[in-house]
Amino acid sequence: MRTLEERIWENAARLPDKPAVKSGSRQATYRELTRRIAAAAQFYATLPGYSRGRAVLLAAGKQLEFLYAYFGAHLAGLIAVPLAEDTNPTRLAYVRETLKPFASIGFAPGMEGETLRLEWSTFASLDEVEATPDFPAPEAVADVLFTTGTTGAPKGVPLTFGNIAAAASQINAYIRNTEEDVELLALPISHSFGLGRVRCCLANGQTLILLGSFANVKRLFRLLREERVTGFSMVPASWALLRKLSGEALADFAGQLRYIEMGSAPFSADDKRHLAELFPTTRVTMHYGLTEASRSAFMEFHEDDRALASVGRASPNVDIVICDEQGHALPPGEEGEICIRGAHVTRGYLNVPNDATFYGDYFRTGDVGLLSQDGYLYLRSRLKELINVGGKKVAPQEVDEQILKVPGVKDCACVGVPDPDGMLGEVVKACVVKEPGAELTFEDIAAALSSRLEAYKIPTVWAWIDEVPRTQNGKTQRGLLK
Amino acid sequence: MQDEIKDVIADVLGVSVASLTDDLAPGDIPEWDSLRHVMVLTALEKTFNIKFQREELLDVEDLSELVALVEEKAQP
């Protein structure tokens, strides 16, 4: 299978003057994209500390330079590590400790630790280079993405060039987007969903329009109109936000949009039906997947109208089985752990033995579900206690740890509760035990957290409690606090 | 009043007032993401005792337009 980089080079040979990507008033054609990627690759090789196989951290925003630096890292034999621009200092330090990267690009001053700090502007100023590079081998590691682990510490997920190319082919095969499509991307590209959209579009020779956020509805609708956008992606929280800010104005583009991809958080059967009605001729798709096994199941809200409560069926070339606790496959209708096999699946977590990660060559998702006779996957519960805030996963332990550092706090346990404003799906609720006599308000705690945690991890619902309920073994009983 | 409006926005975003240029827009900086944009709107509604309409929000692209909208709505 050809790597994504090879496909971008093929697209540049075939469609040199076609815009590959636009961001604000700037754009790059496919030819320029390849030349700037090649320039970035050469530049890395001149830096102190560079050697093949080392990692580089990228504060993934919607700059064109992110794409040059990301793909350039791949061609220079580096492991690219895209991270959210607002990644908190503790998490960033953990990533540095785990991977020992030699450079950090685009982070705020002081956040680079002992690595070489680079600015995006450096990548904009490099002279273009015309070159046909040696493309990486499919089994080499391209990216390490970090997911929220159950203990609060993130887990590194290596993805090979083969994993990435396979995922892009599987997704494009399902969604049926073509070279003619123009896609608008407002999702963060530091996460698997948004980054996956970038890969799918560029593999196909499409034009990709980058937008900072869904919040800018005026700009979003202007771009949809002016760029004649035909493809769009969102998480349920983006849809809730768009409805709050603009009603159902997105449906004015129903005749124009050929496809929509959704994912990352639960979406009710009623909501799916409603979207199908608003977009009668659009392919409205939704995936179930993980960073470790991108988009493993898919559904289309019109085609699968008899199974809207499911998360769809296995994606093209993907096997899904339900396993019991010994790793044996269960028959349809029986509940167990969802396990996935395919060329897109990670080879295992960094620094974690694979025994607990796989049953044979099936990746264990940690999610509980069942398969129906006709192959629909129904998600029942998550084994992991993660809170899903607008599609972003939060480990309650990570928030607990930071709250416990606030003077006056004796004990604490965070849980996910439905968002009272109905926007984000879930939000973080903090149940806090105060030290006797401490003068402390929830505002004080939230203020203390603001420099230590990303905004979406900061609790929005608070309660004082007398004691955190725990089992005899000391395990926090979060279910009792919801 | 412009200063008061910018104070509220800077406070919610956790950035300095000086960094709020007129053409800054939601999504331009990581601090101004969709979650915090909703918080900005709610804080402005509360502080200035106003209520945004959807049609009005569809017409706001950057900070200068948001400030102008609040000024207009908060007129006694």
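Why does A:S246 count as buried? The relative accessibility of A:S246 is 7%, so this residue counts as buried (under 20% relative accessible area; exposed is over 50% and partly exposed lies in between, with a 1.4 Å probe and protein chains only). The model is predicted: local features need pLDDT of at least 70, side-chain atom pairs count only at pLDDT 80 or more, and totals for chains, interfaces and linings use all residues. Residues are numbered from 1 along each chain as its sequence is written, chains are lettered from A and ligands numbered from 1 in the order in which they are written, and side-chain values use heavy atoms, without hydrogens and water.

A:S246 belongs to helix 9 (residues 236-246) of chain A. Helices are DSSP runs of H or I with at least four residues, numbered from the N terminus. Leaving aside residues up to four places away in sequence, A:S246 touches A:V217, A:F221, B:R54 and B:L58 (contact means heavy atoms within 4.5 Å).

Aromatic pairs were searched for next. The whole structure holds 16 of them over all chains. Rings of Phe, Tyr and Trp (its six-membered ring) pair if their centres lie within 6.5 Å; planes under 30 degrees apart are stacked, over 60 edge-to-face, and the rest tilted. A:F66 and A:Y70 are stacked, because their centres are 5.5 Å apart and their planes stand at 20 degrees. Both residues lie in helix 3 of chain A, four residues apart. A:Y70 also pairs edge-to-face with A:F71, at 4.9 Å centre to centre and 70 degrees between the planes. A:F71 has a relative accessible area of 1%, so it is buried. Ring pairs join A:F43, A:Y44, A:F66, A:Y70, A:F71, A:W120 and A:F123 into a cluster.

How values were computed:
Helix = DSSP H or I, 4+ residues; strand = E, 2+ residues; numbered from the N terminus.
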